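Welcome! Please take a moment to look over the sequence and the 3D view before reading on.

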Amino acid sequence: MKSIFATLFQDNALERNLGLWSTALAVLLFGTIAMTVQPAAAWGLAVVGPLFLLALWDLFQKKHSLRRNYPLGARFRWLFEDLRPFLRSYIVEGPLEGRPYDRVSRSLVYARAKGQEDANPFGTELDVYSEEYEALCHSTSPNAGAPKRTRVKVGSDQCAKPYEAARLNISAMSFGALGANAIEALNLGAKMGDFYHDTGEGGLSPYHLKHGGDLVWEIGSGYFGARTKDGRFDPDSFADKARDDRVKMTEIKLSQGAKPGHGGLLPAAKVNREIADTRQVEAHRDCLSPPGHSAFSTPTELLEFAASMRDLSGGKPVGIKLCVGLPHEVFAIAKAMVDSGILLDFIVVDGGGGGTGAAPLELSNHVGLPLRVGLHYVNAALVGTNLKGKVRLAASEKVFSGSAIAMNAALGAEWCNAARGFMFSLGCVQSLRCHTNTCPTGIATTSRARQRGLVIEEKAQRVASFQSKTLDSLHDIVVACGLESPDDFTMQHLRQWKNNAEMVSIGAVMEEVHPGSLLDDPESTPFADLWRIADPHSFRARRHA
């Protein structure tokens, strides 16, 4: 009793208990008026009565200190925490301040998705003399005759059914991480725009297949959709689905930029019966994929597994997706391809700044190399072993504009994949609720009520429009640089500040290798040490090279 007395009457008691005392006074006031003057005032009790009871509950509950010390009033903290992303986005932040995507970037996607004017007035808002500014070098002789659309043929001579990939495609987002309506809208948009849709590691759902858009089926360490009861790879189940004509390529997910080395996590709140059936897991329980694969454990075994997937799929291209961590592992995979003669058809490099529906903060913030660094290592490994061109190279990390595609092309990427960019085209407002199943726009949720807000046919048109207009902007850059296609970009086209007075090509920062140099004279290359410790029979570095 002494503590309750102290709480109610001591140490700024009125300020701390304003919610309790004000609702108590209001109950007393409305009750008195209702009994003596105006019975209709009882309606006021229906409003303030529950608030008073809530304040009393806060006073006596034992889980939250703030609510015990500030009955009712402390609840406004949680209200404003819920509203904070929206208030910051709409009222507080400047056009270049938002994270992960600033307002300018989001507005560009929205405008292109809706077919609205996307021109920028009055000049750039970037400080062109700060480190944030990077320049793509144009030519005094633009090439107005450059083809407006070019594609990338994926598939070496070991592949019976090559695929022509667009320069911008939908990156891996699983059914479950996204709702059914979002998956349908993305796939229908891909079909309308003639580009591919990566399924993510959550399996091939009916919603991926419904509209007939081109698919890349991603297989992660959980082997969802192609797994045995104990969670291992099931070749028969894989073959049955991979031979579907709508599946154009398959992709082995080694790691993801936002949570490399962690596997995948779909919270139990999102794992309904339909998702569980697609993934072949239990419903209403956290759906975890292991950090690593059980089907292989060395670079050579990875290639053998990829070769078996290519055969099981009927000769369709097979590749890998990874966020680069230890650089020597990239060179170990390249060395294994040279030694075994088994080639991957493509490699997608994801960056540490990539997106996810749910990941531990420490992994998102501090594990995995950024895209440009990882892309440079992979490109160098392919060029240095004469595999570039046979093994295609793609990039994925915060791609939302033609300039982003061009800059990645300068580092060797032949096409790009985007995830969050396409989510914005669906109407994502960056509320950062992807892991809670309460996405306000009905995209990253399995709630039928919330998904109703996403109209498939209308959003599919926006998906196709965003992709098309982004490639239009890429074409404008290709023309301005005097090139024939994005494949002609080199490191010399991309420049960044070295100091306050000098801009240098990115090639001066990231050293290039000559074709075949890792095979002919590895010691002459900047990657001699990495090549020396790379082992095609182990992902671990050689101790004595």
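Predicted model: local features only at pLDDT ≥ 70, side-chain atom pairs only at ≥ 80, totals over all residues.

Residues are numbered from 1 along each chain as its sequence is written, and side-chain values use heavy atoms, with hydrogens and water left out.

Let us begin with strand β10, residues 318–323. Helices (H or I, at least four residues) and strands (E, at least two) are DSSP runs, numbered from the N terminus. Six of the six residues in β10 are buried, where buried means under 20% relative accessible area, exposed means over 50%, and partly exposed lies in between (1.4 Å probe, protein chains only). The cover reaches both faces of the strand: V318, I320 and L322 are buried on one side, and G319, K321 and C323 on the other.

Which strands pair with β10? One is β7 (residues 247–253), joined to β10 in the parallel sense over four bridges; two strands pair if DSSP finds at least two bridges between them. Here T250 stands opposite V318 of β10. Another is β11 (residues 346–350), which runs parallel to β10 with five bridges, and in β11 the bridge partner of K321 is V348. Together, β10, helix α13 (residues 327–340) and β11 form a right-handed β-α-β unit. Right-handed here means that, with the strands pointing away from the viewer, the path from the first strand over the helix to the second runs clockwise.

S313 counts as buried because its relative accessibility is 1%. Not counting residues up to four places away in sequence, S313 touches F238, A242 and R243, contact meaning heavy atoms within 4.5 Å.

Next comes A394, in strand β12 (residues 392–396). Is A394 buried or exposed? A394 is buried, because its relative accessible area is 0%. The C-alpha atoms of A394 and G412 are 8.1 Å apart, although 18 residues separate them along the chain.

Finally, turn to helix α6 (residues 75–92), where I91 lies. I91 counts as exposed because its relative accessibility is 64%.
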